[in-house]
Amino acid sequence: MLSRTLWGARTALLVILLAVSLSLLAGVLLGLVSGYVGGRLDRLLVGVADIMYAFPSLLLAILVAIVVSQGRSSFAGGLLSAGLSVTAVFVPQYLRVVRAEVVRVKGEAFVDAARVIGAGHGRIMFRHVLRNSVRSLPVVVTVNASEAILTLAGLGFLGFGIEPNSAAEWGYDLNKAVPDVTAGIWWTAVPPGIAIVLTVLGITLIGESLNDLTDPRLRRRAAS
């Protein structure tokens, strides 16, 4: 159990890096285009994001895992399946956060000044608008990283995660510990359970610290 718990940390870290990177890239680009272009494209992207929000996050992750995995049990296939499953849950969040900031920033005076001097749409979007629309993303990334751990554990517990012969995964270990708990052998559920709790708690504390650093009001309150 200790060995699988330690190796499960590698699986969790890889899924976090893959899922957060993919969702951040896709969500930021879609949010930037949606907020800057506006019109029908904006309504279409926001509508798709709302539809994805209508699904429970774990159910959406299960559906994506079924479509992507297609019975593959290799480590790379299982990792990709789990990563894309978690990515599908987080893309709408980044899209809406970035879109709201882009809608606010594109009306600023420095954006109008860039248009007056002849800057193209690509330069305005990526050099002026995007750079001023991602200030809150570090906090969102840490929150999503902790949610990714819980989603991955939920997939593994329900049997839709990485195959046990390909990699260690905490959710699968908890699932296999259920019969032991009913038989009075409770300690097999302790290592993966503690690993999930400590990992989520640690990432959440990092997010709270980043929020304190990025919010000047909180910095002044701490200094006083």
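The protein chain has 10 helices and 0 strands. Helices here are DSSP runs of H or I with at least four residues, strands are runs of E with at least two, and both are numbered from the N terminus. Read from the N terminus on, the order of elements is α-α-α-α-α-α-α-α-α-α.

Before I go on, a word on the source. This is a predicted model, in which local features need pLDDT of at least 70 and side-chain atom pairs count only at pLDDT 80 or more, while totals for chains, interfaces and linings use all residues. Residues are numbered from 1 along each chain as its sequence is written, and side-chain values use heavy atoms, with hydrogens and water left out.

Now the overall picture. Taken along the principal axes, the C-alpha atoms of the protein chain fill a box of roughly 70 × 50 × 25 Å. Of the 224 residues in the protein chain, 40% are buried. Buried means under 20% relative accessible area, exposed means over 50%, and partly exposed is in between, with a 1.4 Å probe and protein chains only. As for contacts, which means heavy atoms within 4.5 Å: among those in the protein chain between residues at least 6 apart in sequence, 77% join residues at least 24 apart.

Next, the salt bridges. Side chains of opposite charge can pair when their charged atoms come close. The rule used here asks for a side-chain nitrogen of Lys or Arg within 4 Å of a carboxyl oxygen of Asp or Glu. By that rule there are 4 salt bridges. I will go through some of them.

Asp 173 and Arg 4 form a salt bridge through their side chains, at 2.7 Å from N to O. Asp 173 sits in helix α8 and Arg 4 in helix α1, residues 2–37, so this pair ties together parts that are 169 residues apart in sequence. Asp 173 is buried, at 5% relative accessibility, and Arg 4 is partly exposed, at 26%.

Another joins Arg 99 to Asp 42, with the closest N and O atoms 2.6 Å apart. Here the linked parts are helix α4, residues 75–105, which holds Arg 99, and helix α2, which holds Asp 42; the two residues are 57 residues apart. Arg 99 has a relative accessible area of 25% and is partly exposed, whereas Asp 42 is buried at 10%.

Asp 50 and Arg 96 form a salt bridge too, and the closest N and O atoms are 2.6 Å apart. Asp 50 belongs to helix α2 and Arg 96 to helix α4, so the pair ties together parts 46 residues apart in sequence. Asp 50 is partly exposed at 37%, and Arg 96 is partly exposed at 35%.

Which charged residue is buried yet has no salt bridge? That is Glu 169; the nearest side chain of opposite charge is Arg 4, 7.1 Å away. Glu 169 is in the loop between α7 (137–158) and α8 (170–182). Its side chain reaches the backbone nitrogen of Gly 171 at 3.0 Å, and a polar atom of the Glu 169 side chain lies 3.0 Å from the backbone nitrogen of Tyr 172. Not counting residues up to four places away in sequence, Glu 169 touches Arg 4, Thr 11, Leu 152, Ala 153 and Gly 156.

On to helix α6, residues 121–129, where Ile 124, Met 125 and Val 129 are buried. Looking down the axis of α6, the buried residues fall within an arc of 95°, so they line one face of the helix. The arc is that of the directions from the helix axis to the C-beta atoms.

Val 129 has a relative accessible area of 0%. Leaving aside neighbours within four places in sequence, the contacts of Val 129 include Leu 32, Tyr 36, Val 102 and Val 111.

Phe 55 lies in the loop between α2 (39–54) and α3 (57–69), and Phe 55 is partly exposed at 38% relative accessibility. Not counting residues up to four places away in sequence, Phe 55 touches Leu 60 and Leu 63. Trp 186, by contrast, is exposed, at 54% relative accessibility.

Key:
Lys and Arg count as positive and Asp and Glu as negative; His and the chain ends are not counted. A polar contact is a pair of N or O atoms within 3.5 Å; within protein, one must be able to donate a hydrogen and the other to accept it, and residues adjacent in sequence count only if both atoms are side-chain atoms.
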